[in-house]
Each structure stands twice: as C-alpha cells, then as structure tokens.
Amino acid sequence: SFTSDDVKITNTEKLYDGFFKMVRYDFSHKLFAGGWSETVRREIFERGHAVAVLPYDPQTEEFVLIEQVRIGALPTSDTPWLIEVVAGIIDEGETPEAVCHREASEEAGIEISELTKALSYLSSPGGTTERIHVFVGRTDATQAHGIHGLDEESEDIRVHRIAEKDAWQWLQNGQI
C-alpha cells in the first residue's frame, strides 16, 4: 500500500490568501500499475480543520441546533438559512475539544459538560485539506435560546431546541 512518501510535490503556488487560502500543487505519485504519474496540477482550498458538535440534553431529550445564512447553499437550496450543528475552525494551538467548548458558547450560548468523539473525516479531499472532527456533547438545553455569534465574523445565529422525536423527521424532510 502507498504512503505519503509515494507522492512528490514539485511546486506549490499560493493563489489566494484571505479569510481562506487557495494553493496550486504540482505533484506526481506512484501508480497502481507501477511507475510514476505525469505531473498532476490541482488547486486546493486550504481552510484549516474544523469541529462539529451536536449538543444533546438527555434530561429534556432535546438537541440544540443553530440556524445561520450560508451563501454556498444559495444555488442548490430553497433557502440559504440552514439548520446545523455547532461548528468552528480549529485555530493554531487549539485542541478540537477546546473548540467545541468555545463554539458552543459563541454560537449557542451554552456550555458542554461532556464530549464524546464520534468520528473524524476529510470533507472533500479532492479539493480541500479540511478534516472535520465530530463530537456529541452533553448540555443543558434549557439554557439554549436567543441570537448569538461574533460581530467580527459577521455571524447572526439563531438557536433552536429540537425534541429528539422530531430530529429524525427534520433530517428526513431536509430541514436539517
């Protein structure tokens, strides 16, 4: 089986350096049939890594979800205001767990008392380096209400408490 040593990067070029980054990679790699590929050129979206945490209250049997506008959803969705889990980018030096706690406070005004890691995955490795770490967090849903978010990140986030019995239906009909 191949490893990272079986890829040779011959050039990288920073194409954009703003809130996110875009980098062009020129590389070759070992082939399944033997030998090496010709040079492959790919533009890669470098947005960092992120966490997603699903806050749950076992006492009230409710999930805490958030709603905010997502411009990337505009071309393919009925509305760009999406119901989603709490999430955020991992800053340099932060642990995924610390980001779960920070984002739960910033986006939903709640505290997470226990975290359980569910999985970690590459969101779209053909076009981005982003790895997402997914957690379930225990919270007190009775504290979840209002509008939250950071002004400096242009966030306008509404909090929702969703009964466990309704969450599956919301997933099935596309509300989540």
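This is a predicted model: local features need pLDDT of at least 70, side-chain atom pairs count only at pLDDT 80 or more; totals for chains, interfaces and linings use all residues.
A strand, as I use the word today, is a DSSP run of E with at least two residues, and strands are numbered from the N terminus.

Let me start with the whole chain. The protein chain has two helices and 11 strands. Read from the N terminus, the order is β-β-β-β-β-β-β-α-β-β-β-β-α. The C-alpha trace spans about 60 × 35 × 35 Å along its principal axes. There are 176 residues, and buried ones make up 34% of them. Of the contacts with a separation of 6 or more, 50% are between residues 24 or more positions apart.

Next, the sheet at the start of the chain. Strands of a sheet pair through backbone hydrogen bonds, either parallel or antiparallel. Here three strands form an open sheet in the order β1-β2-β3, with antiparallel pairing. Which strands stand at the edges? They are β1, residues 7-17, and β3, residues 40-46; each has a single partner strand, so one side of each is left without a neighbour in the sheet. On average, neighbouring strands of this sheet are turned by 25° against each other, direction ignored. Seven bridges link β2, residues 21-29, to β3.

Now back to Thr128. Is this residue buried or exposed? Thr128 counts as buried, because its relative accessibility is 9% and the cut-off for buried is under 20%. Setting aside residues up to four places away in sequence, Thr128 touches Ile44, Phe45, Arg47 and Ser123. A polar atom of the Thr128 side chain lies 2.7 Å from the backbone oxygen of Phe45.

Strand β11, residues 157-163, pairs with β5, residues 62-69, in the antiparallel sense over six bridges. Within that pairing, Val64 has Arg161 as its bridge partner in β11. β11 also pairs with β10, residues 147-148, again in the antiparallel sense, over two bridges. There, His148 stands opposite Ile157.

Stay on β11 for one more residue, His160, which is found in this strand. His160 is buried, since its relative accessible area is 17% and the limit is under 20%. What is joined to the side chain of His160 by a polar contact of 2.7 Å? The side chain of Glu67. Beyond its neighbours within four places in sequence, His160 is in contact with Phe63, Val64, Leu65, Ile66, Glu67 and Ile83.

On to the interior. In soluble globular proteins, nonpolar side chains tend to be buried together. In this model the largest nonpolar core has 17 residues, and the members that touch the most others are Val51, Val64, Ala108 and Ile110. At least two residues of this core come from each of β4 (50-57), β5, α1 (96-108) and β11. α1 gives the most, with four residues. Apart from this core lies another, of seven residues, including Phe63, Ile83, Ala167 and Trp170. Coming back to Ile110, the residues it contacts outside its sequence neighbours within four places are Pro55, Val64, Ala104, Ser105, Thr139, Gln143 and Ala144.

A few words on α1 itself. The helix has 13 residues and reaches 17 Å from its first C-alpha to its last, close to the 18 Å expected at 1.5 Å a residue. Among the buried residues of α1 are Val99, Cys100, Ala104 and Ala108, and also Glu103, Glu106 and Glu107. After the helix comes Gly109, with a positive phi near 65°.

Last, two loop residues. At 47% relative accessibility, Glu61 counts as partly exposed. The other is Ser154, in the loop between β10 and β11. Its phi is also positive, near 55°, and Ser154 is not a glycine either. Ser154 counts as exposed, because its relative accessibility is 67% and exposed means over 50%.

That is the tour.

Terms used:
Residues are numbered from 1 along each chain as its sequence is written. Side-chain values use heavy atoms; hydrogens and water are left out. Two strands pair if DSSP finds at least two bridges between them. A nonpolar core is a set of buried Ala, Val, Leu, Ile, Met, Phe, Trp, Tyr and Cys residues joined through side-chain atoms within 4.5 Å. Buried means under 20% relative accessible area, exposed over 50%, partly exposed in between (1.4 Å probe, protein chains only). Contact means heavy atoms within 4.5 Å. A polar contact is a pair of N or O atoms within 3.5 Å; within protein, one must be able to donate a hydrogen and the other to accept it, and residues adjacent in sequence count only if both atoms are side-chain atoms. Axes are lines fitted to C-alpha atoms, for helices over the stretch in contact, and angles run from 0 to 180 degrees between N-to-C directions. The expected span of a helix is 1.5 Å times one less than its number of residues.
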